[in-house]
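This report describes one protein model for a reader who is new to structural work. Please look at the structure first, and then follow the text from model confidence to charged pairs and a surface patch.

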Amino acid sequence: MEHQTLALLLFSAFVVLTLLITSWASRGRHGSAEEFYAGGRLFSPMENGFAISGDYMSAASFLGISGLIALYGYDGMLYSVGFLVAWLVVLLLVAELVRNCGRFTLADVVAARMRERRVRVAAGASSVTVSVLYLVAQMVGAGSLVALLLGASGEGQRAWAMIGVGGLMVVYVVFGGMRATTWIQIVKAVLLMGGAIALTVLVLIRFHGNLNELLNTAAERSGHGGDFLSPGLRYGGDLVSQLDFISLGLALVLGTAGLPHILSRFYTVPTAKSARRSVIWAIGLIGGFYLMSIVLGFGAAAVLGSDAVRKESPAGNTALPQLSLELGGGEGSAGGTVLFAIVAAVAFATILAVVAGITLASSASVAHDLYASLRRRHAKARYSEVQVARAAAVGIGALAIALALLARDQNVAFLVGLAFAVAASANLPVLLYSLFWRRFTERGAVWSVYGGLVPALLLVLFSPVVSGGDDAILTSVDFHLFPLENPGLVSIPLGFLFGWLGTVTSPRPADPVRHAETEVRSLTGAGAV
């Protein structure tokens with residue numbers, strides 16, 4: 001129990017620190033929309049690069065990926081590779097152009113060259129949906145961690161953990177806005193990188209720096225032998241699982257460029273050049289982290305054994321805290337107690353920081369896209385955007401908690417993969433069409449969003465994830481019709497297809513003047529906010 005108590009104390013210290021940061025950031029600085037949504041656009045590329053890393057390296061990265069590698073070996077590595085390669089898409093196609101064209105949200109970019117209301121409503125609804133799905137994964141991670149910290153797996157304790165995380169994230173967003181959220185992300189990124197480096201060094205020391213010995217031991221203790229180090233343990237047994245593998249890869253690589261909380265980060269720096277430099281900083285930090293996550297995943301399999309990981313958490317979400325306890329000397333040892341406490345506290349800090357960023361992005365979509373469109377139609381709307389954003393943060397937090405309670409036994413990296421699939425299906429097609437296709441119309445934009453969003457959600461609903469299997473969210477019923485667990489292989493092409501179809505059938509052609517203005521603005525920054 002000593003390691004659990006110390007972990008709770010360290011986590012409490014982090015909560016106090018973040019609340020102090022929130023208090024500092026809230027002192028008369030976020031009355032305007034620009035302060036609340038973008039922190040005044042005053043962050044440097046290095047600061048924003050660390051904040052992007054903090055936003056991106058979520059519970060899925062820290063807990064889920066290492067757990068999947070510990071359970072499935074080579075196939076679990078797909079998440080590390082996919083999450084990292086995705087940043088090349090962001091760097092080459094999105095970062096600078098989004099910073100120049102937008103103001104606060106994804107809808108700003110799309111609406112820059114067409115009539116706003118319908119496009120804003122569609123893009124705002126899509127952004128909120130993706131954010132809620134992403135939040136669910138973080139809440140599930142919080143529940144798994146608290147169960148481990150308290151030495152119990154009672155559903156009541158896990159539920160209260162999710163409620164507590166949800167309450168804290170609302171406090172961060174409502175009172176601190178983007179400024180507080182960004183500094184919390186920076187602190188968290190430093191802690192996370194420090195914890196990952198320490199654990200990686202300890203794993204390598206355990207195996208005398210010999211990666212071959214590490215991998216062979218992991219294969220032996222996994223129970224699968226050489227298959228553990230080859231493709232096919234989770235994906236590849238039959239045609240359906242091979243297609244699932246491709247579907248997941250597409251979602252991971254293309255989804256990052258459509259994540260609302262990542263896109264909103266580009267608005268916190270003053271120029272497009274700063275946005276590009278932020279991404280370069282982020283790629284360096286994120287790349288190093290995901291390389292370490294591979295070592296940690298195989299380290300967990302080698303040191304603990306896959307069965308021990310699965311016994312504590314069937315989805316593998318607690319592999320890293322278990323590994324830290326063992327590397328420090330085992331249960332009851334001073335080293336194990338301290339290392340477990342540090343890793344568990346960092347993991348919890350990771351969850352808190354990420355949910356704050358996601359909640360801020362989704363509440364911005366509700367206020368700046370959905371509510372602002374309504375207010376333009378009804379001039380009597382009484383509340384400001386910032387007031388609505390704060391209220392939306394509460395509602396979004398409550399919805400995420402409720403959904404997380406249903407999905408509490410799923411792997412967090414897997415749940416994030418679903419959010420990436422929806423983002424790649426609904427947000428990425430409309431974003432790329434708006435930036436690069438001269439003929440793209442308002443109808444094409446709306447059809448692209450809904451043509452990707454609705455099929456993605458329906459395919460998830462009727463997939464084995466929700467019903468029809470022992471690991472499904474609803475185990476007592478079976479209404480699954482779609483064989484793949486990740487919908488990306490079908491829903492991503494549909495998003496692009498409906499965007500094209502809506503454009504070619506549109507009775508109103510695109511405005512060439514507004515497209516020319518947007519093109520110049522996106523490439524040069526002339527007229528950017």
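Among the elements of the protein, helix α2 (residues 33-38) has the lowest mean pLDDT, at 71, whereas α20 has the highest, at 94. The model is predicted, and pLDDT expresses the predictor's confidence in each residue on a scale from 0 to 100. For the protein, the average pLDDT is 82, and 91% of the residues score at least 70. Where pLDDT is low, the predicted coordinates should not be read in detail.

**Salt bridges**

The structure holds six salt bridges.

| Pair | Closest N to O distance |
|---|---|
| D55 and R265 | 3.0 Å |
| R118 and E442 | 3.5 Å |

Which parts of the chain does the salt bridge between D55 and R265 tie together? In this salt bridge, the closest N and O atoms are 3.0 Å apart. D55 lies in helix α3 (residues 45-56) and R265 in the loop between α11 (260-263) and α12 (272-303), so the pair ties together parts that are 210 residues apart in sequence. D55 is buried, because its relative accessible area is 1% and the cut-off for buried is under 20%. R265 also counts as buried, with a relative accessibility of 1%.

R118 and E442 form another of the salt bridges, with 3.5 Å between the closest N and O atoms. This pair links distant parts of the chain, since R118 belongs to helix α7 (residues 116-149) and E442 to helix α19, 324 residues apart. R118 counts as partly exposed at 40% relative accessibility, whereas E442 counts as buried at 11%.

R310 is partly exposed, with a relative accessibility of 31%, while D307 is exposed, with 57%.

**A nonpolar surface patch**

Which residues form a nonpolar patch on the surface? The patch consists of Y450, V454, L458, L461, L474, V477 and F479, which together have about 520 Å² of accessible area. One of these residues, F479, lies in the loop between α19 (442-461) and α20 (488-504). F479 counts as partly exposed because its relative accessibility is 31%, and partly exposed covers the range between the buried limit of 20% and the exposed limit of 50%.

How values were computed
Residues are numbered from 1 along each chain as its sequence is written. This is a predicted model: local features need pLDDT of at least 70, side-chain atom pairs count only at pLDDT 80 or more; totals for chains, interfaces and linings use all residues. Side-chain values use heavy atoms; hydrogens and water are left out. Patches are made of residues with over 30% relative accessible area and no salt bridge: like charges are joined within 9 Å, nonpolar side chains (Val, Leu, Ile, Met, Phe, Trp, Tyr) within 5 Å. Accessible areas come from the Shrake-Rupley method with a 1.4 Å probe; for residues, only the protein chains shown count as cover. A salt bridge is a side-chain nitrogen of Lys or Arg within 4 Å of a carboxyl oxygen of Asp or Glu. Helices (H or I, at least four residues) and strands (E, at least two) are DSSP runs, numbered from the N terminus. Buried means under 20% relative accessible area, exposed over 50%, partly exposed in between (1.4 Å probe, protein chains only).
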